[in-house]
Structure formats: C-alpha cells, structure tokens
Amino acid sequence: MNTPLPLPGLDELAQFSTRAAKAAALLSEVRDEDVDLAATPREEVHRIGGRTLYRIALDAPKRVATPVLVIYAMVGRWTILDLQQDRSFLRSLAEGGCEVYILDWGHPTPADQFDDFDDLVNLYLDSFVDVIRDRHKVPAINLLGVCQGGVLSLCYTALHPDKVRNLVTCVTPVDFHADRGDEKIDRGFMNVWTRNLEPEDIDLLVDTVGNVSGEVGGAMFSLMTPFRSLAKYNLTLLEVGQDRDKLLNFLRMEKWLADRPDHTAASARQWLKDLYQQNKLATGELEIGGKRVDLKAIAMPVLNIYTETDHIIPAPASKVLRDKVGSLDYTEAPVPGGHIGVFVSRSQAKLREQIVGWLEKR
C-alpha cells in the first residue's frame, strides 16, 4: 500500500491556524484596564484650562538639585514618555535623581483654536515655569524638550533665558530645510510633503477645519512607514499574540497612537508655514509675541540628543543647533533607536545617565 504524500504547505497552514487561534484567545482576555499607560505616580501641580502641569511623584535621592520640566509635542500625548514601568523615560529620569515635571497639553477644543506660539510659549509654558520656580525657590529651571516640544523649548529659552539654567533638546528639528539636498520620503516625509504645498493650501486647510484633527496627523505619520502600518494588524499582531506581555506592549503603543490630540489651528498654521515652509527658526526670522526668536540668546549649557536613524526628524535638522546657539557649553549626544524608540526602549539606563550625568555636572 502506498503512503499518501503530505500536501504542500499543509504543515504551515496548521501552524498558522494554531498561532492565530492563540493570538485570538489572548486578545479576547485583555481588558482596557490591562492596557495601562502613564502608571508612574504623579500629582497635579497647576492647571490652565486644558493644560496641566504634573510632578512625577517618586522619591529617590536627588543627584540634580534644579528641577527638570519636560515638554513633549502637541501632536501626540506625553504618555509615550511613561509607556509602562520598565519602558518609562520619565520614571527613569526620576529614579536617576531628577525632580521631574511634565507638561500635559491636553486635548484642545474649538475654544482653543486661536492659541498660537505666543500663547503656548509666553502664556502656558512661562506660567508653568514660574510655578516650578516658586515651588523650589530657584531663579531658573532645567528645560527638556522632545521633538515639537524641543522647538517650543528653544523658543522659550531664547525669549526667557534668565529662567532656564540648562537646556536639553531631544530629536528636535531646528533647520527644517536641512534635508533639501537629499530628500527622502521615508525620512522627513513631513518636510517634503509640506514644502510641496502652496501657502494658500495650508490657509485653506486651517480656515476650513479649525483645529487640525489628530486623525489627520496620525495619517501623515502612518504614511512615513506604509508597509509597516499595513502589516501591524495582521503579521505583527499574530507574532506578538503568542505572548501576553508582548501583546500588552503592542496594545499600549496602539492605545497611545489612538489618543492623538487635535492641534490648535493658529499654532498649526505657524508650524507648517513659518517653520516647515519658510524655515524661520533656523534663519532667525521667527517672531513670537512681537519679539524675534534669536537662538544666539541661548548662552546657557545645551545638550542636544538625536538619532541618525530618525525617520521623522532627519539628523542634520537637529545637528545644526551647534552653530545656531550662543552657548560655549554645547554637547551633542547621538543615541541608537528611532524617533519614538529612543524613549520606550528597555535600555533606558544609558540615555538616563547621559542626561542626568550631564545635568549633575552643571
């Protein structure tokens, strides 16, 4: 009697079915409360409308006497900096010896659509800085800005240099045209896309929709990695669905992505036209509240952290900061990882020591 030959691919199909069934079973067991973000203890210190200042409430020996205010971008929630206990940038800074505060930009409403750079920098940010200064009885604080928050930190420091002791910028764009000689849509896609719009297109967008919805911003970021975005709900989900911890890690990131806030209309117009299109920060032409933002006024110590593999902010856009500021104490620190991966990696110790060790000496 002849033994029947196995059908080609039958084993693979069986393995796929088994893995899919396990992923589906694990996913069905997960509840919203299991996918917790920003679990590090914090206390609300001050609030202005929908903007909130939090203190990270962890008690640890202080290596850095001056408090640190962390400013994240408006196009995403600060909670990515406290993704989970073992992948938390804010927890790592606090455990490393810093007194850490974080600014929560909240979810802008239609009432906030007229908030421009002047409001963000000279109203909200300045008020929160003063609250921290008063609480700690210090003339100046340390400022740490991430991405778009780094741009706002640069603007604030240039306009209020007496209130900033040290400045740390992370994956922060400075020269929005630094990639013009080597444009790549898989890196700096926003730069290329925005430069190809007419100024009138941006005005029409903002005048029509008011606040730019988080969904629009999310779609633009997804277009930077289209194949990864298409595959994550099938191939990636199937892979991580074999382990509960990996599945929860994946779902935390997805929960953060789904919580993308709207961008205030007035500041979105400035962000796209004054910075992406006209590059006014790098050229020294940017004005906020009737005053020119002169980066040469930044004379305090500066630590500039960037990654060469950043697909959102090309490294040259960040590295030009060396030639723009007036500081004689300027340090560059390239780090491994992606634009977000830098802050959610489990290997936070090296990044923490770069920042905390640098601040401790100053």
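Student: Is Y276 buried or exposed in this structure?

Tutor: The structure is a predicted model. In this model Y276 has a relative accessible area of 5% and is therefore buried, because buried means under 20% relative accessible area.

Student: How many aromatic pairs does a search of the whole structure find?

Tutor: The search finds five aromatic pairs. One of them joins Y54 and W78, with 6.0 Å from centre to centre and 40° between the planes, and this pair is tilted. Y54 is in strand β2 (residues 51-56) and W78 is in the loop between β3 (68-71) and α2 (89-95), so the pair ties together parts that are 24 residues apart in sequence. Both Y54 and W78 are buried.

Student: Which charged residue sits over the ring of Y54?

Tutor: For such a contact, one considers where the charged end lies relative to the ring centre and the ring normal. The charged end of R42 sits over the ring of Y54, 4.8 Å from the ring centre. Another case is R51, which lies over the face of Y124 at 4.6 Å from the ring centre.

Student: Why is strand β6 described as largely enclosed by the rest of the structure?

Tutor: Burial is counted residue by residue along the strand. Six of the seven residues of β6 are buried, so the strand is largely enclosed.

Student: Which strands pair with β6, and how do they run?

Tutor: Strand pairing is read from the bridges. Strand β5 (residues 141-146) runs parallel to β6 and is joined to it by six bridges. Strand β9 (residues 302-306) is also parallel to β6, with four bridges between them. L167 of β6 stands opposite L143, and its bridge partner in β9 is V302.

Student: Through which helix does the chain cross from β5 to β6?

Tutor: The chain passes through helix α4 (residues 148-159), and this β-α-β crossover is right-handed.

Note on methods: Residues are numbered from 1 along each chain as its sequence is written. This is a predicted model: local features need pLDDT of at least 70, side-chain atom pairs count only at pLDDT 80 or more; totals for chains, interfaces and linings use all residues. Side-chain values use heavy atoms; hydrogens and water are left out. Rings of Phe, Tyr and Trp (its six-membered ring) pair if their centres lie within 6.5 Å; planes under 30 degrees apart count as stacked, over 60 as edge-to-face and the rest as tilted. Helices (H or I, at least four residues) and strands (E, at least two) are DSSP runs, numbered from the N terminus. Buried means under 20% relative accessible area, exposed over 50%, partly exposed in between (1.4 Å probe, protein chains only). A charge sits over a ring if NZ of Lys or CZ of Arg is within 6 Å of the ring centre and within 35 degrees of the ring normal. Two strands pair if DSSP finds at least two bridges between them. A crossover is right-handed if, with the strands pointing away from the viewer, the path from the first strand over the helix to the second runs clockwise.
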